[in-house]
Amino acid sequence: RLFARHGVQQGAAAAELLHKRTLDDELAQVLSACFQRDVHTRRQALDTLQGKFATRAPDMMKPATLSRASGQRHMAQYGGAPAASPPKRTPMSPAQFSPPPRSDPSPAKPQRADSGISVEEQRQWSTHLSGRSVEFGMQVVLSERRFTHFVDNLNSRECQVRSVNFVAQSFPSGRCDAILSCMGSEGVGKIEHVSFRSCNLTGEQVRVVAGLLKNPRVTAFELSENSLDDNCMRSITLGLEGNTTIQRLSLCDVGMSDDMFLRLLKQLEKCQSLQELRVEKNKLGDKLLKPILAFLQKSCIQKLSLSGNEFTVKILEKLVAGLKKNRRLLYLGIADMSVP
């Protein structure tokens, strides 16, 4: 049972403890074969364990110090009655459980647990989930099994993750819905910061992940380096409706036009919790001067980054001059403008 529920490590520990309690070398030999790396050996040993030792296991696990009455209760609990005399034990040949000869010299595959990933990987996942932040970078191949294992453990009691960053990861059908279901509903999940940078999200996927903005726990949201259109921006603004907890929003290099940014500013004026807005490397131009100044006067934003857009120097000078009376803004990014 321990092997089936908790994997090889717990099962091996249980086998060692059972061997100490029963002093049954024959049973210990079969149990040891159950945890060999070769799948054929494990299956053969498990079949033998189930067929030959199932009726003897409850009796062998009974402590020797049990009284007659407690022994009867023990047998009634596990079923059956104690045998009048112990069955004859025939010694088992170690060759019976020896793995078949390998045709190639390649190393044996790592042991796999119920989730389909190796025990070592599960140990690494446990280490990652014990920290405050986890990032799936470009060098990480986030397979379907790994993704499912991550989502299943994201809301566990042991998980301490508060920030999740996906970088250049693919999101086939169902993954965005799984993310939304585990950390997007109000009052569900522990995630506070979430990023989908350079994930090549489609319009439908943006609509789904924008639902994370409905969760008051989420205070930082990033969709940088994804190609967004008007429908995507509409989904983001809908997600921001009624939001009173968002503090950081990053939409860098998403192909944002002036009209899309105006729609975003109109909604962000109502988000008094917003402290940082990053819209670098987009297609924002000079006609946004007055809307930006009006937004900065109404909001409580402390950091605004407009670097890498298409503002002219003349407009930037007017922008800086208009901020002389603003006591809340602490940082204004205006570097690397493409228009002189």
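Q: What is the strand order in the open sheet, and how do the strands pair?
A: The open sheet has eight strands in the order β1-β2-β3-β4-β5-β6-β7-β8, with parallel pairing. Strands here are DSSP runs of E, at least two residues, numbered from the N terminus, and two of them pair if DSSP finds at least two bridges between them.

Q: Before going on, what kind of model is it?
A: This is a predicted model: local features need pLDDT of at least 70, side-chain atom pairs count only at pLDDT 80 or more, and totals for chains, interfaces and linings use all residues. Residues are numbered from 1 along each chain as its sequence is written, and side-chain values use heavy atoms, with hydrogens and water left out.

Q: How are β2 and β3 joined?
A: Five bridges join β2 (residues 163–167) to β3 (residues 193–197), and the two run parallel. As an example, Asn165 has Ser195 in β3 as its bridge partner.

Q: New topic. How many aromatic pairs are there?
A: A search of the whole structure finds four. Rings of Phe, Tyr and Trp (its six-membered ring) pair if their centres lie within 6.5 Å; planes under 30 degrees apart count as stacked, over 60 as edge-to-face and the rest as tilted.

Q: Why is the pair of Phe136 and Phe166 called stacked?
A: Because the ring centres are 5.4 Å apart and the planes are at 15°. Phe136 lies in strand β1 and Phe166 in strand β2, so the pair ties together parts that are 30 residues apart in sequence.

Q: Are those two buried or exposed?
A: Phe136 is buried, with a relative accessible area of 4%, and Phe166 is buried at 0%. Buried means under 20% relative accessible area, exposed over 50%, partly exposed in between (1.4 Å probe, protein chains only).

Q: What does Phe166 form with Phe196?
A: A stacked aromatic pair, 5.5 Å centre to centre with 15° between the planes. This pair links Phe166 in strand β2 with Phe196 in strand β3, 30 residues apart. Phe196 counts as buried, at 0% relative accessibility.

Q: And which residues form the aromatic cluster?
A: Phe136, Phe166, Phe171 and Phe196 form one cluster.

Key: Helices (H or I, at least four residues) and strands (E, at least two) are DSSP runs, numbered from the N terminus.
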